[in-house]
Amino acid sequence: MSAMRLAVVGAAGRMGGALVRAIADMDGVELAGAVEREGAPALGQDAGVLAGLQPLGVQVTDDPLPVFSACDGVLDFTAPAATRAFAELAAQARIVHVIGTTGMSDEDVEAIRPAARHARLVKSGNMSLGVNLLAALVRRAAAALDEDFDIEVLEMHHRNKVDAPSGTALLLGEAAAEGREIDLASRSVRQRDGITGPRPRGDIGFATLRGGTVIGDHSVLFSGPLETITLSHHAQDRQIFARGAVKAALWARDRKPGLYSMDDVLGLAD
């Protein structure tokens, strides 16, 4: 089979550069396009050079339509509003759309769902293979341990991260809620300040830390009578997310249109 032609949107950003490097480093894929917002300083530059590589012969453009039309898939770690627009274009082109964008609301997710009738969408709050395995373990642990075990999700990221809790923390919280068969939206605790009273039984708590250059640390604690179980993941390099996104694109290439998750990619879906 010929190499899968992938485009990167948000190509001049940190994740964009990581995606370009992952494509250049992995078998079975090639860079077919690079997109940035209108007026971006990177427009017209070689995407490989921007990513710290040798020139790849792919110039950054602000016109995504011809790029999507000429590729097999697009890797998207941008912003919710941009992702919604890119999903529509992916549906028109009937290609793979891998979505690593964080901070997406329920409304955003519903807005991209119609695109799955024609495109193969793979969406995850974290594209790391290890994080998605962690989520599967959290789901099983939450199902096995009753409400005598309190669940807390702890995350830390670099000082420039703009959303909190992180998409990964929410992914892990959702996994815990699924294991307990409860609704995360109504049972999550995002902040504590002042006289809060005792911890409600069965809630899922979140704690957010920001500072320095931390790429991403996540832990899920199950604290019960006289014992605590901690499941953790520590990201050492942003490339883990990029490589996971490329693997997701390759997996989705021959699938039917639909909205998939990394559980599907890894064969972890129940």
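The model is predicted, so local features need pLDDT of at least 70 and side-chain atom pairs count only at pLDDT 80 or more, while totals for chains, interfaces and linings use all residues. Residues are numbered from 1 along each chain as its sequence is written, and side-chain values use heavy atoms, with hydrogens and water left out. Helices (H or I, at least four residues) and strands (E, at least two) are DSSP runs, numbered from the N terminus.

**Helix α1**

- Helix α1 covers residues 14–25, twelve in number, and should span 16 Å at 1.5 Å a residue; its end C-alpha atoms are 17 Å apart, which agrees. The expected span is 1.5 Å times one less than the number of residues.
- Its buried residues are M15, G16, G17, A18, L19, V20, A22 and I23. Buried means under 20% relative accessible area, exposed over 50%, and partly exposed in between (1.4 Å probe, protein chains only).
- These buried residues pack against β1 (4–9), β2 (29–35), α2 (47–50), β4 (73–76) and α9 (239–252).

**How α1 meets α9**

- The two helices pack at an angle of about 55°, with their axes 8 Å apart. Axes are lines fitted to C-alpha atoms, for helices over the stretch in contact, and angles run from 0 to 180 degrees between N-to-C directions.
- α1 and α9 are therefore oblique to each other; angles under 35 degrees count as roughly parallel, over 145 as roughly antiparallel, 65 to 115 as roughly perpendicular and the rest as oblique.
- Residues of α1 in contact (heavy atoms within 4.5 Å) with α9 include A18, L19 and A22, and those on the α9 side include F241, A242 and V246.

**Nonpolar cores**

- The largest nonpolar core has 37 residues, and L6, L19, I23, L75, V98, V122 and V246 have the most contacts inside it. Such a core is a set of buried Ala, Val, Leu, Ile, Met, Phe, Trp, Tyr and Cys residues joined through side-chain atoms within 4.5 Å.
- Helix α9 gives the largest share of this core, eight residues.
- Apart from this core lies another, of 22 residues, among them A135, F149, V153 and V220.
- I23 touches residues including L6, V8, L75 and V246.

**Two single residues**

- R253 is found in the loop between α9 and β12 (258–260) and is buried, with a relative accessible area of 15%. Among the residues that R253 touches are M1, D72 and R120.
- A93 is found in helix α4 (residues 80–93) and counts as partly exposed at 26% relative accessibility.

Definitions and conventions
Lists of a residue's contacts leave out its neighbours within four places in sequence.
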